[in-house]
Amino acid sequence: MSNEAPNQARVIPLRPQSARPGSVRPLSERPATAPPKDPTTRQTREPLWRDLVGDVLRRERLAQERTLKDVADAARISMPYLSEVERGRKEASSEVLAAAAQALGLGLGDLLSLAQGELTRHSARSRRAMPGSPYDGMCLAA
């Protein structure tokens, strides 16, 4: 038997002493932070396709003065899932998009065409915001 006390735990710190919560480092030791960016020089980010499609679905539903539950029931998809699609939180399959579009009296092509129009408008706004951009139009190839 050993002479050590049983059940003695050895503590191994995971962080250096100076990085422990509650310890404050002097200003001279703190890392420099980047200055805040000027919002006028910030580049605009291209929207995600799921955001565009979700916006179109929500706008069409509200224009028809229909509830989320009504459209979800007609499309045979769950109300929470349709809500997430409308908010751009979920990347819906083409089957789900077609069902939601049909429930709103649209075809899948109509839905995608409306979303493409939104993307085109956003791209035009981005080009005006960024003078000197080499991009001057949309090219579709088949």
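His 122 counts as buried, because its relative accessibility is 16% and the cut-off for buried is under 20%. His 122 lies in helix 5, which spans residues 108-129. Beyond its neighbours within four places in sequence, His 122 is in contact with Arg 45, Glu 46 and Pro 47. The model is a predicted one.

**Overall build**
- The chain holds 5 helices and 0 strands.
- Read from the N terminus, its elements follow the order α-α-α-α-α.
- The chain has 142 residues, and 24% of them count as buried.
- Among contacts with a separation of 6 or more, 58% are between residues 24 or more positions apart.

- In soluble globular proteins, nonpolar side chains tend to be buried together.
- The largest nonpolar core here has 23 residues, and the members that touch the most others are Val 53, Leu 57, Leu 82, Leu 97 and Leu 111.
- At least two residues of this core come from each of helix 1, helix 2, helix 3, helix 4 and helix 5.
- Helix 4 gives the largest share, 6 residues.
- Val 53 touches Leu 97, Leu 111 and Ala 115, with residues up to four places away in sequence not counted.

**Helix 1 against helix 3**
- Two packed helices are described by the angle between their axes and the distance between the axes.
- For helix 1 (residues 49-63) and helix 3 (residues 79-86), the axes come within 7 Å and cross at roughly 115 degrees.
- From helix 1, the residues Arg 50, Gly 54, Asp 55, Leu 57, Arg 58 and Arg 61 meet Ser 83, Val 85 and Glu 86 of helix 3.
- Sorted by class, this contact has 5 charged, 2 polar and 2 nonpolar residues.

**Helix 3 and its ends**
- Leu 82, Ser 83, Val 85 and Glu 86 are the buried residues of helix 3.
- These residues are on the same side of helix 3, because they cover an arc of only 160 degrees around the axis.
- An α-helix has 3.6 residues a turn, so residues three or four places apart point the same way.
- The cover over the buried residues of helix 3 includes helix 1, helix 2 (68-75) and helix 4 (94-103).
- At the start of helix 3, Ser 78 has a side-chain oxygen within 3.2 Å of the backbone nitrogen of Tyr 81.
- Gly 88 follows helix 3 and has a positive phi, near 75 degrees.

Note on methods:
Residues are numbered from 1 along each chain as its sequence is written. This is a predicted model: local features need pLDDT of at least 70, side-chain atom pairs count only at pLDDT 80 or more; totals for chains, interfaces and linings use all residues. Side-chain values use heavy atoms; hydrogens and water are left out. Helices (H or I, at least four residues) and strands (E, at least two) are DSSP runs, numbered from the N terminus. Buried means under 20% relative accessible area, exposed over 50%, partly exposed in between (1.4 Å probe, protein chains only). Contact means heavy atoms within 4.5 Å. Axes are lines fitted to C-alpha atoms, for helices over the stretch in contact, and angles run from 0 to 180 degrees between N-to-C directions. Ala, Val, Leu, Ile, Met, Phe, Trp, Tyr, Cys and Pro count as nonpolar, Asp, Glu, Lys and Arg as charged, and the others, Gly among them, as polar. The arc is that of the directions from the helix axis to the C-beta atoms. A polar contact is a pair of N or O atoms within 3.5 Å; within protein, one must be able to donate a hydrogen and the other to accept it, and residues adjacent in sequence count only if both atoms are side-chain atoms. A nonpolar core is a set of buried Ala, Val, Leu, Ile, Met, Phe, Trp, Tyr and Cys residues joined through side-chain atoms within 4.5 Å.
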